[in-house]
Amino acid sequence: MHRLLAEVQQLGIRKEAGRERLRQLRALIVEHLRHEDAEFYPALQRNAATQELAHTYANEMRQLSAEILGFFDTWQHGGDTLAFGRHYGRLLGLLNRRWAGEEIRLYPAYDQHCRRSDAA
């Protein structure tokens with residue numbers, strides 16, 4: 001995902017290659033969100049120790065998802081490079097903040113309370 005984000009920024013949206021990377025990134029993110037909704041958050045919600053955390057992060061992700069998909073919808077056909085750059089920067093800031101929170105709180109909680117042991 002990080003690689004595709006960098007490629008989109010490097011190629012820009014005026015070139016078909018940049019728009020293609022944008023479509024690839026959108027598909028990757030949509031699949032990631034589907035997996036979270038179908039498997040990840042339900043596992044966290046089934047555990048009393050992680051229910052509140054799951055609820056908080058799932059709600060936050062629903063709001064963020066709307067912004068993410070709005071970004072892709074806005075730029076899928078190209079557009080003004082400067083406006084794209086500003087929107088891209090905002091999106092990247094939101095994603096980086098989210099990823100940091102997931103690495104610090106969400107994934108460790110999942111690993112501690114929800115991950116099934118390979119030996120089980």
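**View 1. The crossing of H1 and H2 is left-handed in this predicted model.** Helix H1 spans residues 2-11 and helix H2 spans residues 16-46. Their axes lie 8 Å apart and the packing angle is about 155 degrees. Angles over 145 degrees count as roughly antiparallel, and H1 and H2 are therefore roughly antiparallel to each other.

**View 2. Residues at the contact of H1 with H2.** From H1, the residues Leu4, Leu5, Glu7, Val8 and Leu11 take part. They meet Ala17, Gly18, Arg21, Leu22, Gln24, Leu25 and Leu28 of H2. By class, the residues of this contact are eight nonpolar, two polar and two charged.

**View 3. The largest nonpolar core, with 32 residues.** Tyr41, Leu44, Ile68 and Phe71 have the most contacts inside this core. At least two residues each come from H1, H2, helix H3 (51-75) and helix H4 (81-113). H3 gives the most, with ten residues.

**View 4. Surroundings of leucine 44.** Leucine 44 is one of the residues with the most contacts inside the largest nonpolar core. Apart from neighbours within four places in sequence, leucine 44 is in contact with Thr50, Gln51, Ala54, Leu106, Tyr110 and Cys114.

**View 5. Arginine 105 in helix H4.** Arginine 105 has a relative accessibility of 49% and so counts as partly exposed. Neighbours within four places in sequence left aside, its contacts are Leu53 and Tyr57. Leucine 53 and arginine 105 are 52 residues apart in sequence, while their C-alpha atoms are 8.6 Å apart in space.

Notes
Residues numbered from 1 in each chain as written. Predicted model: local features only at pLDDT ≥ 70, side-chain atom pairs only at ≥ 80, totals over all residues. Heavy atoms only, no water. Axes fitted to C-alpha atoms, helices over the stretch in contact; angles between N-to-C directions. Helix = DSSP H or I, 4+ residues; strand = E, 2+ residues; numbered from the N terminus. Parallel < 35°, antiparallel > 145°, perpendicular 65-115°, else oblique. Left-handed = near helix turned anticlockwise from the far one by under 90°. Contact = heavy atoms within 4.5 Å. Nonpolar A, V, L, I, M, F, W, Y, C, P; charged D, E, K, R; others polar. Core = buried A, V, L, I, M, F, W, Y, C linked by side-chain atoms within 4.5 Å. Buried < 20%, exposed > 50% of the residue type's maximum accessible area, 1.4 Å probe, protein only.
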